[in-house]
Amino acid sequence: MSAIDKIKYTTAEEAVKLIESGDHVYIQGSTSIPEVLVEAMANRGHELKDVTVYSAFAVARRQSPICRPELRDVFFVDSFFVSNAFREWIAMGYGSMTPRFLGEVPDLFRDGTCRVDVALINCSLPNENGEVSFGVSADLATSAVECADRVIAQINPHVPFTPGDAVIHLSQLSAAVEVDEPLVEVPTAVPTEQEIKIGNYIAELIPDGATLQIGVGGIPNAVIRALEGHRHLGLHTEAMTDGVLPLLEKGIIDNSLKKVMPGKSVASLALGSKELYKFLDKNDDVIFKDVAWTNNPYIIAQNPKVMSINSCLEVDLTGQVCADSIGRKIFSGVGGQHDFVFGSSKSEGGLSFLAMLATTAKGMNKIKPVLTEGAGVVTTRFQTNYIVTEYGAVNLRGKNLAERAKLMISIAAPQFREELEREARDRFGHAFTRIY
């Protein structure tokens, strides 16, 4: 009898009866939200009360079914990274966000600060040993499953079996539900002309043999496209996307010079296309690890020439970086930006790049005299290295505040530079005018 034949399936409606009032429930993220189970839990709302729901980085097909007006006193959403599933719900005040570096969230689960009673996960078909993988989302799922009293799983043939920490035995499941539902696909962002400029600026500063951490979006993809002339790159990242596939297939990323898990690409989660998910299935060259491990700055720093590449929303003249909110409105979260900025700073030959277009889609300036009221400081001015826009890349490391202001103005959109100069003169006085 095969492992598949040994699974005792139940219905989603029966499985979620394991959830009780007062429970703290973790919902797996990335592109692998267990949507059938979440829908069934929401439909039980009339039977439950005071259920806390934990969520983190995720890409949902739609707003979560938990976000129904009649359920606002049943489920309280506590997010470590605000996703599209809950963004508007939290903005309306029906949930909240717990600030924490993503790599430190597993500690909250493991030390009991944030109790986990139930974990809802999306799993692959079992292997011959009766093990299933929760695929593209090892990140927080690893620690949540470890700490939960009850683990409820969708067994889904569309979930890739990824080696590493995201593997458990069927015997550890409290209930299993048979589901045939494709993972969410995230189209590869095609870089604009301005983003290509940013990518080229960054790629020129990346040496052969570097270990890459690459974020998500048009700018990171522009960097990837500009690296095709490089050699012996490594990958140790939080999120893996389709963008790196050409570099892996061409042997540009070969992980040969990494010190941590040499020969292997390392990630904590993935989001992309069916082609990416197919590539990951049973691929022993890619290892998925607990985010507490991938994002540990002291592990990151053991690799040489770590290049951390992330996006941001706005930066002030002193190098304070906001990447999680638009003014007072929480848009996302810290993710791994801080972890990799710090880790790269301790890596031999490491650099960090925080990149953005100089203006918003509406033409508003994103290099500010001071950050917008309510904006969160994700990377402090004590940590910033390179800031990059389509107008250039500037290195703030070792620069005083007046020097930083001059550099930041040089990569602002030209129509805003005169205003920024006036602000800098008022703020920094002679220290600024003598160098400008």
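The following dialogue goes through a predicted model and the terms used to describe it.

Trainee: What should I know about the numbering and the model before reading values?
Mentor: Residues are numbered from 1 along each chain as its sequence is written, and side-chain values use heavy atoms, with hydrogens and water left out. The model is predicted: local features need pLDDT of at least 70, side-chain atom pairs count only at pLDDT 80 or more, and totals for chains, interfaces and linings use all residues.

Trainee: What makes a stretch a helix or a strand, and how many of each does the protein chain have?
Mentor: Both are DSSP runs numbered from the N terminus: helices are H or I with at least four residues, strands are E with at least two. The protein chain has 16 helices and 25 strands.

Trainee: Why is the protein chain called as compact as a globular protein of its length?
Mentor: The radius of gyration, taken over C-alpha atoms, is set against the globule rule, 2.2 Å times the number of residues to the power 0.38. For 436 residues the rule gives 22 Å and the protein chain has 22 Å, so the description holds. Along its principal axes, the C-alpha trace spans about 75 × 50 × 35 Å.

Trainee: What makes a residue buried, and what share of the protein chain is buried?
Mentor: Buried means under 20% relative accessible area, exposed over 50%, and partly exposed in between, with a 1.4 Å probe and protein chains only. Buried residues make up 59% of the 436.

Trainee: Why is Gly22 called partly exposed?
Mentor: Its relative accessibility is 28%, so Gly22 counts as partly exposed. Gly22 sits in the loop between α2 (12-15) and β2 (24-27).

Trainee: What makes a residue a contact of Gly22, and which residues are in contact with it beyond its neighbours within four places in sequence?
Mentor: Contact means heavy atoms within 4.5 Å. With those neighbours set aside, Gly22 touches Lys49, Asp50, Val51, Arg115 and Asp117. As for Val77, 55 residues apart from Gly22 along the chain, the two C-alpha atoms are separated by 13 Å.

Trainee: What share of contacts in the protein chain joins residues 24 or more positions apart?
Mentor: Such pairs account for 72% of the contacts with a separation of 6 or more.

Trainee: How do you know that helix α8 is mostly covered?
Mentor: Seven of the eight residues in α8 (residues 218-225) are buried. They are Gly218, Ile219, Pro220, Asn221, Ala222, Val223 and Ile224. Their cover includes α7 (193-204), β11 (211-214), α9 (245-249), β17 (306-311) and β22 (351-355).

Trainee: What makes both faces of strand β24 count as covered?
Mentor: In β24 (residues 386-389), Tyr386 and Val388 on one side and Ile387 and Thr389 on the other are all buried.

Trainee: What makes β19 and β23 edge strands?
Mentor: β19 (321-322) and β23 (367-368) each pair on one side only. Their open sheet has three strands in the order β19-β18-β23, with mixed pairing. β18 (residues 314-316) and β23 are parallel over two bridges, and Asp316 stands opposite Lys368.

Notes
Pairing = 2+ DSSP bridges.
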